[in-house]
Amino acid sequence: MESATAHPDVQTICVVIAAKNAADTIATAVRSALQEALVSEVVVVDDGSSDDTAGAARSVDDGSGRLQIISLEKNQGPSAARNRAIAASSAPLIAILDADDFFFPGRFEPMLALGDWDMLADNIAFISDPAAALPPEKFESRARTISLIEFVEGNISERGKPRGETGFLKPIIRRSFLDAHRLRYDEGLRLGEDYDLYLRALAKGARYKVIEHCGYGAVVRADSLSSRHRTHDLKTLYEADEAILSDPLLPTQARAVITRHRDHIRERYEHRAFLDTKSNSGIVAAASYMFGRPQFLPYVAQAILLDKMEARRGGPVPVATPHAMRYLLAGVPAAADPAAVQK
């Protein structure tokens, strides 16, 4: 495979992998990143793991000098780990890869054939077993632009339904845009850190495109970090929305949709806070807590009722569980539309 370093006019990519206790999956992620010719750097930040995550990543080093492993003694969270990787790298383009996910071969070539973007995402295949993954279906690489409003709406979920599709996208980001606007991950966030960074970039005028070509494999796991977030994580996430809303120059439509997202997260926080208070201090204290926030009482009451109904059914109905491989974007198969052209 010819390296992009042989062509100095080709912009190369730094793949950032923040990992904690990922010894069972990190080798697959690193190997998939190193097989990409357009990748000039792979930076793994072992974020205070208690297993041998760093050793597992090092075991698949291809000897090209592109792999860098940074080990943090104490866990600092995904935002801090990613910022550390960005600071330790220099490639003009940055791609985030979760430690239990992987790239399909040839992910980046169709993406970098496009211009006029600051963030660029492609299709995602959701699978349960990466070892059994087949090559993804060929889709046209046609591009469309995602607005701030569409992006935020894609991050507002409903019980019993998959989160909006745009919330899962894994874009490449131009380092020059991040630097020009002094944007980095908010290290106070351990939930929604990607959402927050991309939203702040969109608020600064970032051009965000997505293509139908599929190059990212997302492994569906019941024990993912997002399924194990703390109550406090929800609080810091809605406060991040409030920080963006404090900008007096934010357009009216953007303000409205971000307010919806903030309220959605705040309601989830109040539900969790009520349950925590009940567990720690009893029902009287929980009721006192809730009646001090009457505007959230209807949501919390409904959420408790739905929890009880789910418990009677034996738990929540699985959502978006792949049978083999499910695509985030429906796309148009390449063979079905040979006349399609990129925008």
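This report looks at aromatic ring contacts in a predicted model.

Let's start with the rings. The structure contains nine aromatic pairs. One of them joins Phe151 and Tyr195: their ring centres are 5.8 Å apart and their planes meet at 15°, so this pair is stacked.

Are Phe151 and Tyr195 buried or exposed? Phe151 has a relative accessibility of 2%, so Phe151 counts as buried. Tyr195, at 7% relative accessibility, counts as buried too.

Phe151 has another ring partner worth a visit in the viewer: Tyr208. Here the centres are 6.2 Å apart with 55° between the planes, and the pair is tilted. Because Phe151 lies in helix 5 and Tyr208 in strand 9 (residues 208-219), the pair ties together parts that are 57 residues apart in sequence.

What is the relative accessibility of Tyr208? The value is 0%, so Tyr208 counts as buried.

## A charge over a ring

Finally, have a look at Trp117 and Arg174. The charged end of Arg174 sits over the Trp117 ring, 3.9 Å from the ring's centre.

Notes
Residues numbered from 1 in each chain as written. Predicted model: local features only at pLDDT ≥ 70, side-chain atom pairs only at ≥ 80, totals over all residues. Heavy atoms only, no water. Phe/Tyr/Trp six-rings, centres within 6.5 Å; stacked < 30°, edge-to-face > 60°. Buried < 20%, exposed > 50% of the residue type's maximum accessible area, 1.4 Å probe, protein only. Helix = DSSP H or I, 4+ residues; strand = E, 2+ residues; numbered from the N terminus. Lys NZ or Arg CZ within 6 Å of the ring centre and 35° of its normal.
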